[in-house]
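Me: I'd like to go through the labels on this model one by one and see what stands behind each. Could you set every value against its cut-off for me?

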Amino acid sequence: MSWGDRLAELGIELPGVAAPVAAYVPAVRSGSQVYTSGQLPFVEGKLAATGKVGAEVSPEEAKRYARTAALNALAAVDSLVGLESIVRIVKVVGFVASAEGFTGQPAVINGASELFGEIFGDAGAHARSAVGVAELPLGAPVEVELIVEVS
């Protein structure tokens, strides 16, 4: 089954590539790897939410936003090399704008990790960092970037 077929089976539609908010490109290929820029939870060109997780944004909401950001990262890979060239997800890096005392970053970034498992199965198993930060661009609650192996 192709990755596109798997997305269709799951009822997932990739969004358009989110426009960069500064001087960078959404994704770059180097050899057999694609590196994405950090992707925010944009939906139809607008940030889905703002605020810090553990204050204005609940951990459950943030987990959904991490999934959205991960889909945006996948869209960036697709636009550069095509979804079907993906061999595996190598690494996910997730940043969580965290209220003071919030330590649930790993559970938030599971929104991205679980998505890749659903889509890619064993090829979606990846190394990962989940980091709490004071602020993210535009006040976003989460940001996700990927390293993907491609054929």
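Predicted model: local features only at pLDDT ≥ 70, side-chain atom pairs only at ≥ 80, totals over all residues.

Me: What makes E100 exposed?
Reply: E100 has a relative accessible area of 85%. Exposed means over 50%, buried under 20% and partly exposed in between, with a 1.4 Å probe and protein chains only, so at 85% E100 counts as exposed. E100 sits in the loop between β5 and α3.

Me: Why is S113 called buried?
Reply: The relative accessibility of S113 is 14%, so S113 counts as buried. S113 lies in helix α3; helices are DSSP runs of H or I with at least four residues, strands are runs of E with at least two, and both are numbered from the N terminus. Leaving out residues up to four places away in sequence, S113 touches H126 and R128, where contact means heavy atoms within 4.5 Å.

Me: Why is α2 called oblique to α3?
Reply: The axes of α2 (residues 59-81) and α3 (residues 105-120) cross at roughly 45 degrees and come within 7 Å. Therefore α2 is oblique to α3: under 35 degrees would be roughly parallel, over 145 roughly antiparallel and 65 to 115 roughly perpendicular, with the rest oblique. The axes are lines fitted to C-alpha atoms, for helices over the stretch in contact, and angles run from 0 to 180 degrees between N-to-C directions.

Me: Which residues make that contact?
Reply: On α2, they include A62, A66, A70 and L74, and on α3 they include V108, A112, L115 and F116. By class, the contact has 14 nonpolar, two polar and four charged residues. Here Ala, Val, Leu, Ile, Met, Phe, Trp, Tyr, Cys and Pro count as nonpolar, Asp, Glu, Lys and Arg as charged, and the others, Gly among them, as polar.

Me: Which residues of the largest nonpolar core touch the most other members?
Reply: Of its 38 residues, those are L74, I86, V92, V108, F116, F120 and L146. A nonpolar core is a set of buried Ala, Val, Leu, Ile, Met, Phe, Trp, Tyr and Cys residues joined through side-chain atoms within 4.5 Å. Two or more residues come from each of α1 (3-10), α2, β5 (86-97), α3 and β7 (142-150), and α2 gives the most, with 10 residues. A second, separate core of six residues includes L40, F42, L136 and A140.

Me: What makes the phi of L138 worth a look?
Reply: L138 has a positive phi of about 60 degrees although it is not a glycine. Most residues other than glycine have a negative phi. L138 lies in the loop between β6 (127-133) and β7, and at 52% relative accessibility it counts as exposed. Even so, L138 touches V21, L40, F42, L47 and T50, not counting residues up to four places away in sequence.

Me: Where is E44, and is it buried or exposed?
Reply: E44 is in the loop between β3 (42-43) and β4 (46-47). Its relative accessibility is 80%, so E44 counts as exposed. E44 also has a positive phi, about 50 degrees, although it is not a glycine.

Conventions. Residues numbered from 1 in each chain as written. Heavy atoms only, no water.
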